[in-house]
Amino acid sequence: MTPSTVCIKAIRICVLAAARFGLAPDELGRRLEFDPAILADPHVRVPHPLFLRAWEQVPALCGDPTFGLAAAELLRDAPFDVVDYVCAQGPTLRHAIERMLRYQRLHHDDAELVLTTTGGEATLMLRLRGTACAPRHFAEYVVATWMLRARALVGPAMTLRRVAFQHGSPADIEPHRRLFAAPLGFHEVASGLSFRAELLDAPVRGGDPSLGALLERHADDLLARLPARDDLIHRVKTHVVRALPGELPALEATAKALATSTRTLQRALQAEGTTYQTLVDEVRRDLSLGYLREAQRTVSEIAFLVGFTEVAAFTRAFRRWTGEVPSAWRQRAGQ
């Protein structure tokens, strides 16, 4: 199995932001156990554990509780790489986001980015596969960067309806309120932001479609050069989704559908840092959240659609996933 890797630029962000606190690249390299010389090569990929250490340890070394937010503002006018350039060529915000999703693996093997549109609201969310919760400051950097870059592309009309984070609430959330100017949620199933769906069709200012096509070909070439990965997690989740509504597929049935043995599937998922039951829960949770945004669906109908025979069992599971009962979550999401 190919180990997960991350573009070196994700580490460079930490290094650049830490420079404000007098932390030199050599010092960070020593602490994090990497050669600072690799920072100069934009094509270097680093192991996922190094990425996690950087985003946990560097903010702590700096002692800045707003490290991720401050990094996003510090680097707001500095294009990250070819993905940023291709996203900036229009014609609409929708195209920009779709390109970001298409090329996200150039940044991170295990980043799971999802755009959903329901009831006039668009939601862009981030999770890291194999990690229970993305590092707090990395998640805050990403979500803040999404907002700042989107606003640069389409103008001040880009306002948010809600911002969510997987991690718990910081002691002081006033910096978050000032930056996002939107309701905040913590301990959520993923980190991301929501905005009016009509903004997806907003034109990108200064976009050049011809340049965009050229940059896409370059990005496609870079993507093709990455080592092939057997995205087992995606295949498992797809099989579970296709089995619903109806009887929830057992581990044995899923293994058979994927042409492998039960034990082999269990070992492979363990190597990815997850379990079959965890993936089933994630599928049911994500489907439930989507269905609850559809006002015409009843809670009992949603329970059936995600494989529960009793509403009470669905309610208990939903409370475990989100900390709320379905009706309370729906009411809050509709605000």
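Q: Where does Asp109 lie?
A: Asp109 is in the loop between H6 and S3, where helices (H or I, at least four residues) and strands (E, at least two) are DSSP runs numbered from the N terminus. This is a predicted model, in which local features need pLDDT of at least 70, side-chain atom pairs count only at pLDDT 80 or more, and totals for chains, interfaces and linings use all residues. Residues are numbered from 1 along each chain as its sequence is written, and side-chain values use heavy atoms, with hydrogens and water left out.

Q: Is Asp109 buried or exposed?
A: Asp109 counts as buried because its relative accessibility is 3%; buried means under 20% relative accessible area, exposed over 50%, and partly exposed in between, with a 1.4 Å probe and protein chains only.

Q: And what does the side chain of Asp109 reach at 2.8 Å?
A: The side chain of Asp109 reaches the backbone nitrogen of Thr5 at that distance, and a polar contact of 2.7 Å links the side chains of Asp109 and Arg105. A polar contact is a pair of N or O atoms within 3.5 Å; within protein, one must be able to donate a hydrogen and the other to accept it, and residues adjacent in sequence count only if both atoms are side-chain atoms.

Q: Switching to the sheet, what is the order of its strands?
A: The order is S3-S4-S7-S5-S6, in an open sheet of five strands with mixed pairing, where two strands pair if DSSP finds at least two bridges between them. The edge strands, each pairing on one side only, are S3 (111–118) and S6 (184–185).

Q: How many bridges join S4 to S7?
A: Six bridges join S4 (residues 121–128) to S7, and these strands run antiparallel. S5 (residues 162–164) also pairs with S7 in the antiparallel sense, over three bridges, whereas S5 and S6 run parallel and are joined by two bridges.

Q: Which residue in S7 is the bridge partner of Thr123?
A: Ser194 is the partner of Thr123, and Ser194 is also the bridge partner of Arg162.

Q: Why is S7 called largely enclosed?
A: Five of the six residues of S7 (residues 191–196) are buried, so the rest of the structure largely encloses this strand.

Q: New topic: how do H13 and H15 cross?
A: The axes of H13 (residues 276–292) and H15 (residues 311–322) come within 11 Å and cross at roughly 95°, the axes being lines fitted to C-alpha atoms, for helices over the stretch in contact (heavy atoms within 4.5 Å), with angles from 0 to 180 degrees between N-to-C directions. H13 and H15 are therefore roughly perpendicular, a term for angles of 65 to 115 degrees.

Methods. Angles under 35 degrees count as roughly parallel, over 145 as roughly antiparallel, 65 to 115 as roughly perpendicular and the rest as oblique.
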